[in-house]
Amino acid sequence: MNLYHAGLFPDVIAMQLDISKEEVDRVIKDAIAEEEKKRKSIKQASDTSSLGMFYLDAVVNIENIIKSAQLAMWKSLKGEMEFNISNEDTQNVLEKMAESKATFVILYIDIVGSTKLSMTLTPDKLAAIIRGFTHEMSLIVSTYGGYVLKYLGDAILAFFVVSDKSNPYIPCINAVHCARSMIRAMKEGLNIILNQEGYPELDVRVGMDVGESVVVQYGWDVQSLVVDGRKITVKKAHHDILGYTISMASKITGFAQPNQIVIGQYVYEALDEQQTDAFKLLPTPPETWSYVSSKTGNLYSLYASLSC
């Protein structure tokens, strides 16, 4: 297939590899059919798996998000909240893209100063705060058409599927609005309750980037169920996302100030003028940032939100 994609004709490939032209034609036909099958699966997953293909901020009620955050944190501190967020939808989406490349907006959010927090709170109170935080941030991700990929201590890694990599505007703007709502939910929702209950207020920081990544399968999630009195074992493949964009989003987050969003150049370029006006070019000292744009070869720019 490398020879074919390089422009060689099938009969020339057959001579070089010392096999029949019919065999070359069969391999090429099967490979093209498999690529088309993967392409259709990715498009189907993008188009039907969520609301992520629509502009969602216009229909999101931020007041309800803030109220939900206040209630969740209050219940969590009282030991009355159940963390009932499932990753089934995430795995179902990724399963359709398994062993192939797809384009995602990656969003990374974490709590500022969580190490200090862990040194001043009892384990049960720390767990309650983190539980309330991750629960509400996960719901906000879902509200904006995204999916939580994984929890990393006090951080959440989420993604938004880009169905058309030549035009990532909708998932990029949904991710930016998601980040803004997260910060408002933190400041006006979770922190209100923490303050009332005598706990320190928390800040968050958000980083995001967009690019192509590989969806891979890592082992299996195994569950034991009892059906009609019989114990059965159910195995379901576990999928993850690997690639440059994942690590970039994590590194970008490190440049954010408390309650600030920092986005990569490709996200910035996908936004409309009204949105880009809300960001400023972020100075990046060469000793701390040396990544270059794959499109231009120049330094990859970062942009920080002016306010949230």
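Biologist: In this predicted model, how do helix H4 (residues 62-77) and helix H8 (residues 169-196) pack, and what are the angle and the distance between their axes?
Modeller: H4 and H8 pack at about 40°, and their axes lie 8 Å apart.

Biologist: Which residues make the contact?
Modeller: On H4, they include Ile62, Ile66, Met73 and Trp74; on H8, Arg184, Ala185, Glu188 and Ile192 are among them. By class, the contact has 12 nonpolar, 3 polar and 3 charged residues.

Biologist: What makes Glu188 and Arg184 a salt bridge?
Modeller: The cut-off is 4 Å between side-chain nitrogen and carboxyl oxygen. Glu188 and Arg184 come to 3.0 Å, N to O, so the pair qualifies. These two residues sit 4 apart in H8, which means about one helical turn between them.

Biologist: Is Arg184 buried or exposed, or something in between?
Modeller: Buried means under 20% and exposed over 50%. Arg184 has 28%, so Arg184 is partly exposed. Glu188, at 34%, also counts as partly exposed.

Biologist: What links Glu23, Arg26 and Asp30?
Modeller: A network of salt bridges. Arg26 pairs with Glu23 at 2.7 Å, and with Asp30 at 3.1 Å. Both distances are within 4 Å, so both pairs count.

Technical notes:
Residues are numbered from 1 along each chain as its sequence is written. This is a predicted model: local features need pLDDT of at least 70, side-chain atom pairs count only at pLDDT 80 or more; totals for chains, interfaces and linings use all residues. Side-chain values use heavy atoms; hydrogens and water are left out. Axes are lines fitted to C-alpha atoms, for helices over the stretch in contact, and angles run from 0 to 180 degrees between N-to-C directions. Contact means heavy atoms within 4.5 Å. Ala, Val, Leu, Ile, Met, Phe, Trp, Tyr, Cys and Pro count as nonpolar, Asp, Glu, Lys and Arg as charged, and the others, Gly among them, as polar. Buried means under 20% relative accessible area, exposed over 50%, partly exposed in between (1.4 Å probe, protein chains only).
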